[in-house]
Amino acid sequence: MPGNAEINFVGVKTTGIYCRPDCPARTPLPQNRVYFKTARQAERAGYRACRRCFPDFPPGKWGDQGSSVFLRTPPVFDFTACLKYLARSPQEPCHRVAQETLYKLLRFGQEPVLLQIRPEDSNCLGIAFLTPRPKKSIRALAAKYVWDWFDLETDLQPFYRMARKDAVLKNLVDPYYGLRLVTIPDLFEATCWAIIGQQINLKFAYALKKRFVESFGEKFNFNARAFYLFPAPDVIARQSVATLRRLQFTAQKSEYIIELAQKIQSGTFDKKALLKNNNLKSAQRELMRLRGVGKWTAAYVGLRCFKDPAALPVDDIGLQNAIKQQLGMTTKPTGKEIEGLAAPWKNWKAYATFYLWNSLA
Ligand SMILES: [Zn+2]
């Protein structure tokens, strides 16, 4: 390897995989190696992260104990506040919150894993596997999923410095300190959820989601309780509009969701491809080319799935109501007014929106 201290990652041309230099996998021939300074550069060049050394998820962030893993969480993180958000509907079918503990079923390849997530101490989140202990690469993927789910990578201090001086946000910092953007990492799930929620209230949206998940999602029983995965695109891709209509989806929403599933299943619509080159604006445009995805839906998916810091769903009724409340306005602000108020939020628009949503609970 070149004697350059800045080279931290090694790509293997023949496999398209990149590793840390200390990866336990077999060392590639020198002519097949390509070097990168950052994991992001390797990803941009089209390399995939190795599943033995996890170059995109450094060991300092998580630890492996076999039947469980843990995350070393950042100092500004309030798991309870995130749980409160996740527990906002008793109808939620894709996770369960009970006694400060979160249960989540995931699937990695062939293997369903049921996670039990709860704090171990102030800077450690424990993730136990209630299904038989998965192999190490899956344990790492589960840890990484939870890391992304609670957006643990982001440093919130710049957000709070800005928010404390902002007329709309200043009263939200202390009550929600440590709340992190709760994401929906899966593109199909995030986009479906946004489409389901169009033009109906949250309660009915959750009722539809529950029917959808219980009808088409994979089920796993643990201690006499059913846990569900969000339906897989290939299952939804072969449903008919009539089938979804029986669950009380409108004909249009049924069409949108089936088309979306078909696009994801065929690989023409893919999160990694959309986020290639880290161009969130073009990802937004691509989303809006889907049938059933307008400005609001694209902003919602940008916010919850892509963690687009500048996502701002100005047409969102919850956002409008929350701003009205924070500013003591007599009428809801218009889209233009919201854009004006949000201008100083810059790259914290997604966080501001998420905090404002939470302020309505
Ligand atoms: Zn490796």
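**Getting to know helix H13**

Visitor: Which helix does Asn321 lie in?
Guide: Residues are numbered from 1 along each chain as its sequence is written. You are looking at a predicted model, where local features need pLDDT of at least 70 and side-chain atom pairs pLDDT 80 or more, while totals for chains, interfaces and linings use all residues. Helices are DSSP runs (H or I, at least four residues), numbered from the N terminus. The one that holds Asn321 is H13.

Visitor: Is Asn321 buried, exposed or partly exposed?
Guide: Count the other C-beta atoms, placed from the backbone, within 10 Å of a residue's own: 20 or more is buried, 12 or fewer exposed, and in between partly exposed. Asn321 has 17 within that distance, so Asn321 is partly exposed.

Visitor: Which residues is Asn321 in contact with, leaving aside its neighbours within four places in sequence?
Guide: Contact means that the C-beta atoms of two residues, placed from the backbone, lie within 7 Å. Beyond those neighbours, Asn321 has contacts with Lys332 and Leu360.

Visitor: How many Å apart in space are Asn321 and Arg20?
Guide: In sequence, 301 residues separate Asn321 and Arg20. In space, C-alpha to C-alpha, their separation is 48 Å.

Terms used
Helix = DSSP H or I, 4+ residues; strand = E, 2+ residues; numbered from the N terminus.
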